[in-house]
Amino acid sequence: MKKCAYCGADLEDSAGYCTRCGRPAESFGNYAGSYENGNTSQPYGSPYQANQGYYGGPVPARYNGMAIASLVLGIVSIFFNALYLVPSILAIIFGVMARSQISKNPNQQGAGMAVAGLVLGIVFLAIYLIVILIALVAGSYAWNFYLSAL
């Protein structure tokens with residue numbers, strides 16, 4: 001029975017690769033510092049290091065959830081802004097929060113989504129407020145015209 005020199009896993013003599021860490025057969029117990037010789041230190045450093053994925057590759061950055069929410073609410077505000085302006089206002093709030101979180105943590109992505117959600121929220125909030133203002137002015141003129149006709 002062999003032991004992997006890298007992680008110490010028990011392996012069959014005919015194994016070509018370690019079933020735990022994936023190292024090739026050349027590294028199984030055939031160097032002076034192997035587990036069989038009583039050395040328990042790791043020959044290549046710690047097998048689990050920060051920011052490493054499977055087989056030691058870099059872990060991709062994650063997208064910020066607030067940025068995604070901001071973009072989705074910005075898109076929703078295009079179609080459903082009549083729901084008391086809630087989607088636009090939330091898109092603006094989430095966009096600002098996401099930009100703040102992304103600037104503090106370089107391991108997060110989504111700055112573009114946060115800006116897009118922020119812009120969509122501001123634009124459609126402004127458009128809807130202009131429409132409300134125009135409707136109020138038009139209603140006021142119509143009401144004055146109605147009162148003058150009496």
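The model is predicted. Its protein chain has three helices and four strands. Buried residues make up 23% of the 150 residues in the chain.

**Overall fold**

- How much of the contact count comes from residues 24 or more positions apart? Among contacts with a separation of 6 or more, such residues account for 53%.
- The accessible surface of the protein chain comes to about 10,100 Å². Carbon and sulfur atoms hold 66% of that surface.

- Find Asn64 in the loop between strand S3 (62-63) and helix H1 (65-80).
- Is Asn64 buried or exposed? Asn64 counts as buried, because its relative accessibility is 2% and the cut-off for buried is under 20%.
- A polar atom of the Asn64 side chain lies 2.7 Å from the backbone nitrogen of Met66.
- Which residues does Asn64 touch, once neighbours within four places in sequence are left aside? Its contacts are Ala98, Gln101, Ile102, Gln108 and Gln109.
- Ala98, Gln101 and Ile102 are among those contacts, and helix H2 covers residues 86-104.

**Ser70, inside helix H1**

- Ser70 sits in helix H1.
- Its relative accessibility is 0%, so Ser70 counts as buried.
- Leave aside neighbours within four places in sequence, and Ser70 is in contact with Ala91, Phe94, Gly95, Ala114, Gly117 and Leu118.
- Three of these names, Ala91, Phe94 and Gly95, carry numbers within the span of helix H2 (86-104).
- Ala114, Gly117 and Leu118 are also on the list, and their numbers fall within helix H3 (residues 111-149).

**A nonpolar patch on the surface**

- Which residues form the nonpolar patch? They are Ile75, Ile78, Phe79, Phe80, Leu83, Tyr84 and Val86.
- Together they have about 780 Å² of accessible area.
- Helix H1 gives the largest share of the patch, with four residues.
- Tyr84, one of the patch residues, lies in the loop between H1 and helix H2 (86-104).
- Tyr84 has a relative accessible area of 74%, so it is exposed. The cut-off for exposed is over 50%.

**The aromatic pair**

- How many aromatic pairs does the structure hold? It holds one.
- Trp143 and Tyr146 form this pair.
- Trp143 and Tyr146 are three residues apart in helix H3 (residues 111-149), so about one helical turn separates them.
- At 52% relative accessibility, Trp143 is exposed.
- Tyr146 has a relative accessible area of 47%, so it is partly exposed.

- Where is Gly22? Look in the loop between strand S2 (10-11) and S3.
- Gly22 counts as partly exposed, with 24% relative accessibility.
- Gly22 and Tyr6 are 16 residues apart in sequence. In space, their C-alpha atoms are 9.6 Å apart.

Methods: Residues are numbered from 1 along each chain as its sequence is written. This is a predicted model: local features need pLDDT of at least 70, side-chain atom pairs count only at pLDDT 80 or more; totals for chains, interfaces and linings use all residues. Side-chain values use heavy atoms; hydrogens and water are left out. Helices (H or I, at least four residues) and strands (E, at least two) are DSSP runs, numbered from the N terminus. Buried means under 20% relative accessible area, exposed over 50%, partly exposed in between (1.4 Å probe, protein chains only). A polar contact is a pair of N or O atoms within 3.5 Å; within protein, one must be able to donate a hydrogen and the other to accept it, and residues adjacent in sequence count only if both atoms are side-chain atoms. Contact means heavy atoms within 4.5 Å. Patches are made of residues with over 30% relative accessible area and no salt bridge: like charges are joined within 9 Å, nonpolar side chains (Val, Leu, Ile, Met, Phe, Trp, Tyr) within 5 Å. Accessible areas come from the Shrake-Rupley method with a 1.4 Å probe; for residues, only the protein chains shown count as cover. A salt bridge is a side-chain nitrogen of Lys or Arg within 4 Å of a carboxyl oxygen of Asp or Glu. Rings of Phe, Tyr and Trp (its six-membered ring) pair if their centres lie within 6.5 Å; planes under 30 degrees apart count as stacked, over 60 as edge-to-face and the rest as tilted.
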